[in-house]
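Let's take a walk through this protein together. Have a look at the sequence and the 3D view, then read on.

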Amino acid sequence: MAVADDGTRRMVQLQGQPTDPHVEMFEDGTPAPTVTRTVHFGAGLDREFDVQWDSQVQDFWQAHSAAPEFYSAWIARHIPPVAPGEKDKQTVAWDLYGGAGVFSAALSRKADHVVCVDVAGTASESGLKALAAAGIDNVEFVAGDVPRQVLSLPRGNLVHAVVLDPPRTGAGTQTVADIAKARPCHVVHVGCDPATAARDLGAWMQNGYAIKELCVVDAFGLNHHVELLAHLVPARGGRGG
């Protein structure tokens, strides 16, 4: 169910019942169907790898069917490999508010170790299974609230990249400040509300980061909502990647 700005409620009814007796249940006892989603990583026919998620229908997924692949490609394009002089370091990437780990899959080729943090239980479980099945073994899933977890996340010798996709309320200025303390070389901030995203981007700039590129995505068809993808790097004088 979705609630519009004017209070209008819209609901999608799913027909049919799952056959798996171990399927997750809704609160009213109704079985929650399993949905299979596949994301292709790489361009054209030279795709690097595919990952298939078998997740519960109530698990978070991007609103637009093309968004997971588009966002992952954008992240992969803007976050470069580790610089030659830093290849001997233990590099870490964080996928914050990561859900099923779609962006973790893209980050798995960018750092030695990826940490995916979210409170989404069944979504994270499906991500763990999906990445393992795809042979991706350098992603760790951490169950917890991002603001409470971020100061204790592993940093290795270098936090090479951070991707965060907070809810419509945004990450908040304190959470941005706490992430910035790790001095990641690259940040991709996904904002599903331009107003809260602007506030969060302002917080990044206050904490020594500059916007290198900004992309506006019409991710919610037939309404006025858009998403923002921002690539940030340490401002001049800070450490870059």
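## Aromatic pairs

Let's start with rings: the count comes to three aromatic pairs, where rings of Phe, Tyr and Trp (its six-membered ring) pair if their centres lie within 6.5 Å, with planes under 30 degrees apart called stacked, over 60 edge-to-face and the rest tilted. One of them joins F70 and Y71, an edge-to-face pair with 6.1 Å from centre to centre and 65° between the planes. Which residues do ring pairs link into a cluster? They are F70, Y71 and F103.

Now for W204 and Y209: this pair is edge-to-face too, at 5.2 Å centre to centre and 75° between the planes. As for the numbers in these descriptions, a pair of aromatic rings is described by the distance of the centres and the angle of the planes.

Burial goes by relative accessible area: under 20% is buried, over 50% is exposed, and in between is partly exposed (1.4 Å probe, protein chains only). Across the protein, 47% of the 241 residues count as buried.

Residues are numbered from 1 along each chain as its sequence is written, and side-chain values use heavy atoms, leaving out hydrogens and water.

The mean pLDDT (the predictor's confidence in each residue, from 0 to 100) of the protein is 83, and 82% of its residues reach 70 or more. Over residues 10-23, pLDDT stays under 50, and the model has 15 contacts for them beyond four places in sequence; a contact means heavy atoms within 4.5 Å. Where pLDDT is low, the predicted coordinates should not be read in detail.

## Overall build

The protein has six helices and eleven strands, which are DSSP runs numbered from the N terminus (helices: H or I, at least four residues; strands: E, at least two). Confidence is lowest in strand β1 (residues 2-3), at a mean of 50, and highest in helix α5 (residues 173-180), at 98. Among contacts between residues at least 6 apart in sequence, 65% join residues at least 24 apart.

Conventions
Predicted model: local features only at pLDDT ≥ 70, side-chain atom pairs only at ≥ 80, totals over all residues.
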